[in-house]
Amino acid sequence: MHHQELFRRCPDNPILTVDDWPYPANSVFNAAAATMANRTVLLVRVEDFRGISHLTTAKSKNGIDGWQIDHKPTFAPDPDSCPEEVWGIEDPRVTWLNDQEEWGVAYTAYSEGGPMVSLATTRDFCSFVRIGPVLPPEDKDAALFPVRFNDQWAMVHRPISTHVRLGAHIWVSFSPDLKHWGDHQHVILARHGSWWDANKIGLSAPPMETSEGWLILYHGVRTTVSGSIYRLGLALLDLDNPTRLTHRTDEWIFGPKAPYEREGDVDEVVFPCGWLRDGDDVRMYYGAADLSIALATASLQDLLDFVLRFPYPQRK
Ligand code: BMA
(Lines give C-alpha, C1' and ligand atoms only; values in the text may rest on other atoms or scores of the structure.)
Protein backbone atom coordinates (compact mmCIF):
# COMPACT_ATOMS: atom_id res chain seq x y z
CA MET A 1 0.00 0.00 0.00
CA HIS A 2 1.31 3.43 -0.86
CA HIS A 3 1.64 5.65 2.20
CA GLN A 4 -0.65 8.25 0.63
CA GLU A 5 -3.42 5.65 1.01
CA LEU A 6 -2.89 4.86 4.70
CA PHE A 7 -6.01 6.89 5.47
CA ARG A 8 -9.11 6.10 3.40
CA ARG A 9 -11.76 8.77 3.01
CA CYS A 10 -15.31 7.95 4.08
CA PRO A 11 -17.57 7.79 0.98
CA ASP A 12 -20.14 9.95 2.84
CA ASN A 13 -17.70 12.87 3.18
CA PRO A 14 -18.11 15.55 4.22
CA ILE A 15 -20.00 13.91 7.09
CA LEU A 16 -21.08 17.20 8.74
CA THR A 17 -21.74 20.59 7.17
CA VAL A 18 -23.67 23.74 8.10
CA ASP A 19 -26.66 22.22 6.27
CA ASP A 20 -26.87 19.64 9.08
CA TRP A 21 -26.72 22.33 11.77
CA PRO A 22 -29.82 23.04 13.87
CA TYR A 23 -29.06 26.77 13.93
CA PRO A 24 -27.51 29.20 11.41
CA ALA A 25 -23.72 29.13 11.17
CA ASN A 26 -21.04 30.03 8.64
CA SER A 27 -18.95 26.87 9.02
CA VAL A 28 -18.48 23.73 11.16
CA PHE A 29 -14.97 22.24 11.24
CA ASN A 30 -11.90 21.28 13.34
CA ALA A 31 -13.73 19.01 15.83
CA ALA A 32 -12.33 17.15 18.83
CA ALA A 33 -13.44 13.51 19.14
CA ALA A 34 -14.21 11.17 22.03
CA THR A 35 -16.09 7.95 22.73
CA MET A 36 -18.71 8.20 25.48
CA ALA A 37 -21.29 5.51 26.33
CA ASN A 38 -20.76 3.72 23.00
CA ARG A 39 -21.31 6.92 21.08
CA THR A 40 -18.91 9.01 19.06
CA VAL A 41 -18.89 12.55 20.40
CA LEU A 42 -17.55 15.44 18.37
CA LEU A 43 -16.89 18.80 19.99
CA VAL A 44 -17.24 20.91 16.89
CA ARG A 45 -15.82 24.34 16.18
CA VAL A 46 -18.68 26.44 14.83
CA GLU A 47 -17.97 29.84 13.31
CA ASP A 48 -20.84 32.30 13.47
CA PHE A 49 -21.61 35.14 11.06
CA ARG A 50 -19.47 37.55 13.04
CA GLY A 51 -16.43 35.32 12.45
CA ILE A 52 -16.33 34.28 16.10
CA SER A 53 -16.16 30.58 17.02
CA HIS A 54 -17.76 28.50 19.79
CA LEU A 55 -17.97 24.76 20.42
CA THR A 56 -21.02 22.53 20.01
CA THR A 57 -21.47 18.84 20.83
CA ALA A 58 -22.65 16.32 18.22
CA LYS A 59 -23.19 12.62 18.99
CA SER A 60 -23.68 9.59 16.75
CA LYS A 61 -23.98 5.83 17.19
CA ASN A 62 -21.81 4.88 14.22
CA GLY A 63 -19.60 8.00 14.05
CA ILE A 64 -20.65 8.61 10.44
CA ASP A 65 -24.27 9.72 10.34
CA GLY A 66 -27.39 10.12 12.50
CA TRP A 67 -25.78 12.98 14.42
CA GLN A 68 -27.67 14.50 17.35
CA ILE A 69 -26.49 18.07 17.53
CA ASP A 70 -27.05 20.49 20.42
CA HIS A 71 -29.55 23.18 19.43
CA LYS A 72 -27.41 25.98 20.78
CA PRO A 73 -23.72 26.51 21.50
CA THR A 74 -22.58 23.96 24.12
CA PHE A 75 -19.41 25.73 25.17
CA ALA A 76 -19.43 29.41 24.21
CA PRO A 77 -16.82 32.09 24.79
CA ASP A 78 -17.43 34.09 27.96
CA PRO A 79 -15.56 37.35 27.40
CA ASP A 80 -17.07 39.07 30.46
CA SER A 81 -15.41 36.62 32.85
CA CYS A 82 -12.70 35.40 30.46
CA PRO A 83 -11.34 38.34 28.45
CA GLU A 84 -8.94 36.00 26.66
CA GLU A 85 -11.97 34.53 24.83
CA VAL A 86 -13.12 37.86 23.37
CA TRP A 87 -12.58 36.73 19.75
CA GLY A 88 -13.83 33.21 20.32
CA ILE A 89 -12.72 29.70 21.18
CA GLU A 90 -11.31 27.41 18.49
CA ASP A 91 -9.81 24.03 17.60
CA PRO A 92 -10.43 21.87 20.72
CA ARG A 93 -8.57 18.62 21.48
CA VAL A 94 -9.94 16.31 24.17
CA THR A 95 -8.09 13.69 26.19
CA TRP A 96 -9.52 11.21 28.69
CA LEU A 97 -7.63 11.79 31.95
CA ASN A 98 -7.45 8.39 33.64
CA ASP A 99 -6.76 9.68 37.15
CA GLN A 100 -9.46 12.35 37.13
CA GLU A 101 -12.16 10.34 35.37
CA GLU A 102 -12.97 13.26 33.11
CA TRP A 103 -11.93 14.68 29.80
CA GLY A 104 -9.40 17.49 29.56
CA VAL A 105 -10.15 19.98 26.80
CA ALA A 106 -7.34 22.09 25.36
CA TYR A 107 -8.55 24.88 23.08
CA THR A 108 -7.43 28.10 21.47
CA ALA A 109 -8.71 31.18 23.27
CA TYR A 110 -8.51 34.06 20.83
CA SER A 111 -7.52 37.07 22.93
CA GLU A 112 -6.85 40.65 21.86
CA GLY A 113 -3.21 39.80 22.48
CA GLY A 114 -3.36 36.85 20.09
CA PRO A 115 -4.33 33.17 20.19
CA MET A 116 -3.40 31.33 23.40
CA VAL A 117 -3.95 27.97 25.09
CA SER A 118 -6.81 27.48 27.56
CA LEU A 119 -7.87 24.32 29.39
CA ALA A 120 -11.21 23.06 30.68
CA THR A 121 -12.62 19.75 31.87
CA THR A 122 -15.90 17.97 31.22
CA ARG A 123 -17.58 14.73 32.27
CA ASP A 124 -20.50 14.79 29.84
CA PHE A 125 -19.81 17.21 26.95
CA CYS A 126 -22.76 19.27 28.25
CA SER A 127 -21.08 21.34 30.95
CA PHE A 128 -17.49 22.46 31.07
CA VAL A 129 -15.33 23.70 33.95
CA ARG A 130 -12.63 26.14 32.93
CA ILE A 131 -9.12 25.69 34.32
CA GLY A 132 -8.22 28.96 32.62
CA PRO A 133 -5.75 30.42 30.14
CA VAL A 134 -2.50 28.50 30.72
CA LEU A 135 -0.05 29.58 28.01
CA PRO A 136 0.25 33.13 26.61
CA PRO A 137 0.12 34.20 22.94
CA GLU A 138 0.98 33.16 20.42
CA ASP A 139 0.41 29.53 21.27
CA LYS A 140 -2.13 26.96 20.00
CA ASP A 141 -2.51 23.37 18.75
CA ALA A 142 -2.40 22.00 22.31
CA ALA A 143 -3.48 18.63 23.73
CA LEU A 144 -2.98 16.91 27.06
CA PHE A 145 -1.41 13.48 27.45
CA PRO A 146 -3.80 11.05 29.20
CA VAL A 147 -1.30 10.01 31.89
CA ARG A 148 1.21 11.67 34.19
CA PHE A 149 4.98 11.35 33.88
CA ASN A 150 6.75 11.31 37.28
CA ASP A 151 3.58 12.80 38.78
CA GLN A 152 3.49 15.62 36.24
CA TRP A 153 0.81 16.23 33.63
CA ALA A 154 2.19 16.83 30.14
CA MET A 155 0.85 18.87 27.25
CA VAL A 156 1.88 19.31 23.62
CA HIS A 157 1.56 22.84 22.25
CA ARG A 158 2.86 25.13 19.53
CA PRO A 159 4.27 28.53 20.52
CA ILE A 160 5.68 30.77 17.80
CA SER A 161 9.34 31.63 18.11
CA THR A 162 10.76 34.90 16.85
CA HIS A 163 14.35 33.98 17.71
CA VAL A 164 17.14 32.57 15.53
CA ARG A 165 15.32 29.42 14.59
CA LEU A 166 12.34 31.46 13.50
CA GLY A 167 9.22 29.38 13.18
CA ALA A 168 6.42 27.45 14.75
CA HIS A 169 7.59 24.26 16.41
CA ILE A 170 6.02 21.59 18.64
CA TRP A 171 6.81 21.76 22.35
CA VAL A 172 5.96 19.70 25.44
CA SER A 173 5.46 21.27 28.88
CA PHE A 174 4.70 19.84 32.31
CA SER A 175 2.43 20.74 35.23
CA PRO A 176 1.74 19.43 38.74
CA ASP A 177 -1.91 20.59 38.69
CA LEU A 178 -3.00 21.27 35.04
CA LYS A 179 -2.94 25.01 35.83
CA HIS A 180 0.74 25.97 36.16
CA TRP A 181 3.00 24.89 33.30
CA GLY A 182 6.81 24.74 33.05
CA ASP A 183 9.83 22.62 32.06
CA HIS A 184 9.15 23.64 28.45
CA GLN A 185 11.04 21.70 25.80
CA HIS A 186 10.81 21.70 22.02
CA VAL A 187 10.37 18.20 20.67
CA ILE A 188 9.63 18.49 16.95
CA LEU A 189 11.09 21.34 14.90
CA ALA A 190 9.63 22.53 11.63
CA ARG A 191 11.94 21.72 8.73
CA HIS A 192 13.22 24.34 6.30
CA GLY A 193 13.36 25.18 2.62
CA SER A 194 11.08 23.29 0.29
CA TRP A 195 9.99 20.61 2.78
CA TRP A 196 6.21 20.05 3.11
CA ASP A 197 6.53 20.87 6.83
CA ALA A 198 8.90 23.82 6.56
CA ASN A 199 8.68 26.72 9.03
CA LYS A 200 5.32 25.94 10.60
CA ILE A 201 4.05 22.73 12.15
CA GLY A 202 1.51 21.97 14.89
CA LEU A 203 -0.09 19.04 16.65
CA SER A 204 -3.27 17.77 15.00
CA ALA A 205 -5.03 15.08 17.09
CA PRO A 206 -3.96 14.30 20.70
CA PRO A 207 -1.04 11.90 21.25
CA MET A 208 -2.18 8.25 20.95
CA GLU A 209 -0.62 5.65 23.24
CA THR A 210 0.68 2.64 21.26
CA SER A 211 3.10 -0.25 21.86
CA GLU A 212 5.75 1.68 19.90
CA GLY A 213 5.41 5.02 21.67
CA TRP A 214 3.14 8.07 21.60
CA LEU A 215 1.88 8.34 18.06
CA ILE A 216 1.80 11.98 16.98
CA LEU A 217 -0.28 13.26 14.07
CA TYR A 218 0.88 16.72 13.11
CA HIS A 219 0.21 19.24 10.37
CA GLY A 220 2.82 20.93 8.26
CA VAL A 221 2.14 24.16 6.43
CA ARG A 222 3.64 24.75 3.02
CA THR A 223 3.52 28.41 2.00
CA THR A 224 3.07 29.05 -1.70
CA VAL A 225 2.38 32.12 -3.82
CA SER A 226 -1.30 31.20 -3.88
CA GLY A 227 -1.66 30.41 -0.17
CA SER A 228 -0.85 27.71 2.37
CA ILE A 229 -1.26 23.93 2.03
CA TYR A 230 -2.01 22.00 5.26
CA ARG A 231 -0.84 18.37 5.18
CA LEU A 232 -0.28 15.66 7.80
CA GLY A 233 2.70 13.62 8.97
CA LEU A 234 3.41 11.12 11.75
CA ALA A 235 5.98 10.97 14.55
CA LEU A 236 6.65 8.83 17.62
CA LEU A 237 7.65 10.04 21.07
CA ASP A 238 9.19 7.78 23.71
CA LEU A 239 6.48 6.24 25.94
CA ASP A 240 8.26 7.11 29.20
CA ASN A 241 9.79 10.39 28.06
CA PRO A 242 7.50 12.33 25.72
CA THR A 243 10.21 14.92 25.05
CA ARG A 244 12.24 12.30 23.14
CA LEU A 245 11.41 12.11 19.43
CA THR A 246 12.24 8.62 18.13
CA HIS A 247 10.67 8.62 14.62
CA ARG A 248 9.27 11.12 12.13
CA THR A 249 8.03 10.48 8.61
CA ASP A 250 9.85 12.25 5.80
CA GLU A 251 6.79 12.38 3.61
CA TRP A 252 3.34 13.61 4.40
CA ILE A 253 0.74 10.85 4.65
CA PHE A 254 -2.44 12.82 3.97
CA GLY A 255 -3.15 16.09 2.20
CA PRO A 256 -5.96 17.97 0.46
CA LYS A 257 -7.20 16.00 -2.55
CA ALA A 258 -11.00 15.78 -2.48
CA PRO A 259 -12.96 18.84 -3.69
CA TYR A 260 -14.28 19.57 -0.15
CA GLU A 261 -10.66 19.76 1.11
CA ARG A 262 -9.36 21.79 -1.80
CA GLU A 263 -11.96 24.56 -1.84
CA GLY A 264 -13.72 26.27 1.06
CA ASP A 265 -13.32 29.28 3.33
CA VAL A 266 -9.62 28.46 3.39
CA ASP A 267 -8.52 26.34 0.41
CA GLU A 268 -6.18 23.33 0.62
CA VAL A 269 -6.67 22.49 4.30
CA VAL A 270 -7.07 19.19 6.15
CA PHE A 271 -7.09 19.88 9.89
CA PRO A 272 -7.80 16.97 12.28
CA CYS A 273 -8.37 17.73 15.97
CA GLY A 274 -9.43 14.20 16.95
CA TRP A 275 -8.79 10.53 16.19
CA LEU A 276 -10.33 7.51 17.85
CA ARG A 277 -8.90 4.03 18.18
CA ASP A 278 -11.01 0.89 18.27
CA GLY A 279 -8.75 -2.16 18.14
CA ASP A 280 -6.68 -1.71 14.99
CA ASP A 281 -9.07 0.85 13.47
CA VAL A 282 -8.25 4.54 13.68
CA ARG A 283 -10.93 7.06 12.76
CA MET A 284 -9.59 10.53 12.03
CA TYR A 285 -12.03 13.46 12.08
CA TYR A 286 -10.78 16.51 10.28
CA GLY A 287 -11.84 19.96 9.27
CA ALA A 288 -11.94 20.28 5.48
CA ALA A 289 -11.08 23.69 3.98
CA ASP A 290 -12.33 25.41 7.18
CA LEU A 291 -15.89 24.66 6.12
CA SER A 292 -16.99 21.10 6.95
CA ILE A 293 -16.04 17.92 8.83
CA ALA A 294 -14.76 14.80 7.12
CA LEU A 295 -13.71 11.32 8.24
CA ALA A 296 -10.90 9.04 7.11
CA THR A 297 -9.91 5.66 8.56
CA ALA A 298 -6.63 3.75 8.81
CA SER A 299 -5.15 0.64 10.35
CA LEU A 300 -3.05 1.47 13.42
CA GLN A 301 -0.58 -1.26 12.50
CA ASP A 302 -0.14 0.23 9.02
CA LEU A 303 0.49 3.69 10.53
CA LEU A 304 3.08 2.26 12.95
CA ASP A 305 4.78 0.15 10.26
CA PHE A 306 5.16 3.29 8.18
CA VAL A 307 6.45 5.68 10.86
CA LEU A 308 8.89 3.03 12.17
CA ARG A 309 10.68 3.26 8.82
CA PHE A 310 11.90 6.75 9.78
CA PRO A 311 14.10 6.64 12.90
CA TYR A 312 15.18 10.02 14.22
CA PRO A 313 17.65 11.84 14.05
CA GLN A 314 17.87 12.33 10.34
CA ARG A 315 18.79 15.11 7.96
CA LYS A 316 16.51 18.13 8.01
C1 BMA B 1 -4.72 27.35 11.51
C2 BMA B 1 -5.86 27.35 12.52
C3 BMA B 1 -6.97 26.43 12.08
C4 BMA B 1 -7.33 26.57 10.62
C5 BMA B 1 -6.08 26.59 9.76
C6 BMA B 1 -6.38 26.82 8.30
O7 BMA B 1 -3.78 28.32 11.83
O8 BMA B 1 -6.35 28.67 12.65
O9 BMA B 1 -8.12 26.75 12.85
O10 BMA B 1 -8.13 25.49 10.23
O11 BMA B 1 -5.20 27.59 10.22
O12 BMA B 1 -7.03 28.04 8.12
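Start by selecting Asp-238, which is buried at a relative accessible area of 19%. This model is predicted, so keep that in mind as you click around. Is Arg-244 buried or partly exposed? It's partly exposed, since its relative accessibility is 45%.

Next, jump to Glu-268 and Arg-262. Their side chains meet in a salt bridge too, at 2.8 Å from N to O. Glu-268 counts as buried, because its relative accessibility is 17%, under the 20% cut-off. Arg-262, on the other hand, is partly exposed at 41%.

Now head over to Asp-48 and Arg-50. Here you'll find another salt bridge between side chains, 2.9 Å from N to O. Which of the two is buried, with a relative accessible area of 17%? That's Asp-48. Arg-50 counts as exposed, because its relative accessibility is 65% and the cut-off for exposed is over 50%.

Why do pairs like these turn up? Side chains of opposite charge can pair when their charged atoms come close.

For the last stop, select four residues together: Arg-45, Glu-47, Glu-90 and Asp-91. They are linked in a network of salt bridges.

Terms used
Residues are numbered from 1 along each chain as its sequence is written. This is a predicted model: local features need pLDDT of at least 70, side-chain atom pairs count only at pLDDT 80 or more; totals for chains, interfaces and linings use all residues. Side-chain values use heavy atoms; hydrogens and water are left out. Buried means under 20% relative accessible area, exposed over 50%, partly exposed in between (1.4 Å probe, protein chains only).
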